[in-house]
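Subject: Structure for you to look at

Dear colleague,

I am handing over the structure we spoke about, and below it you will find what came out of going through it. Please keep it open beside you as you read.

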Amino acid sequence: MNGIFEVRWHGRGGQGIVTASKILAIAAFNEGFVGVQSIPWIGAERRGAQIEAYNRISYAPILLHSQVYAPNAVIVVDQSILSENSSTTIRGLKKNGFLVLNAAHSNVLSSLRVPEGCSVYVVDATSICLELGLQVAGLEILAIPMLGAFAKATDLVSIKSLENAIKSFFEADSVKKNVDAILKAYWSTRKVHLKPEQYLSPIPPSKPVRIPEIHHWTDLPPVPTSTPSKGSIGKTGDWRTHKPVVDREKCSKCLFCWMYCPEAAINVDSDGFPEIDYDYCKGCGVCFNECPREAISMLVDEK
Ligand code: SF4
Ligand code: SF4
């Protein structure tokens, strides 16, 4: 595998996709991948509401921390989400990618459109959960068997790595049920072939995405903030002995420094570069430590 393998999970709150995405990250690490990420994307609504989770898996450390927009694999744990709006669910799926579905009947597949070269895999995760009693507070934890289906479809993680991840994640008395669900799903997952006209290139744009995509900090909703002013202990810039200075030649505009600065003393200029507010920068050096490009130097401040 070259580069980063990206996964997007679709499910509803309570079906275990956040947990399953953490387990997949642990299993991938067990498998020898050095860069692994698990990212939940949930809103204010929880149980029953549509949520997403993401994984990134790579043989090298990953510096990108964002939603997944162009997944190599999409896992849909609740087929009602696919029926509601399949084009939103499939959005961005790469050509030659993987679509792994929880579906009991093939009728859900008749209206499906997938990118050219995509491999579609199906497993009846709901029946597996019901058979094993894999439920919490009345809801089937559908995402657990989907881990087995993902392993079968992509061959990216082994059952052994998933089993070890389950053992490290759950109490001993829950391990067997979860591992059995993964095994049953692994052996019952099947590849399905759609009609030739269901493979499209390119995929038409989807309806507006229910969960907003944030590609850049400018997509973030505005947060009301007060204007900093001199407090009772003076301006925090007065505390500084060392001053951070950004080298724009090295800076990639990733804005990790902006995100991590504990004083919110980093603004973003009109070109997208970080701009340090020396009135309030206390010289703690957090930005210097977090910058992945070593674009920040801490110089003695001779003010
Ligand atoms: S200074 Fe470093 S951390 Fe900040 S935006 Fe530039 S590269 Fe990213
Ligand atoms: S040195 Fe500390 S306070 Fe100053 S900009 Fe960097 S992180 Fe913020």
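This is a predicted model: local features need pLDDT of at least 70, side-chain atom pairs count only at pLDDT 80 or more; totals for chains, interfaces and linings use all residues.

Taken as a whole, the protein chain has nine helices and 15 strands, and 37% of its 303 residues count as buried. Its C-alpha trace spans about 70 × 45 × 35 Å along the principal axes.

In helix α6, the buried residues are Ser161, Leu162, Ala165 and Ile166. Because these residues cover an arc of only 140° around the axis, they sit on the same side of α6. The exposed residues Lys160 and Ser168 are carried on the face turned away from that buried side, while the cover over the buried residues includes α1 (17-30), α5 and α7.

Helix α7 runs over residues 172-188, and its 17 residues should span 24 Å at 1.5 Å a residue, which agrees with the 25 Å between its end C-alpha atoms. Its buried residues are Asn178, Ala181, Ile182, Lys184, Ala185 and Tyr186, and they pack against β7 (119-123), α4 (125-132), α5 (143-154) and α6 (159-169).

Finally, ligand 2 is surrounded by 13 residues, of which Cys261, Cys281, Cys284, Val286 and Cys287 are the closest. By class, this shell is made up of nine nonpolar, two polar and two charged residues.

Best wishes

Methods. Residues are numbered from 1 along each chain as its sequence is written. Chains are lettered from A and ligands numbered from 1 in the order in which they are written. Helices (H or I, at least four residues) and strands (E, at least two) are DSSP runs, numbered from the N terminus. The expected span of a helix is 1.5 Å times one less than its number of residues. A residue is buried if 20 or more other C-beta atoms lie within 10 Å of its own, exposed if 12 or fewer, and partly exposed in between; C-beta atoms are placed from the backbone. Two residues are in contact if their C-beta atoms, placed from the backbone, lie within 7 Å. A residue is near a molecule or strand if its C-beta atom, placed from the backbone, lies within 6 Å of it. Ala, Val, Leu, Ile, Met, Phe, Trp, Tyr, Cys and Pro count as nonpolar, Asp, Glu, Lys and Arg as charged, and the others, Gly among them, as polar. The arc is that of the directions from the helix axis to the C-beta atoms.
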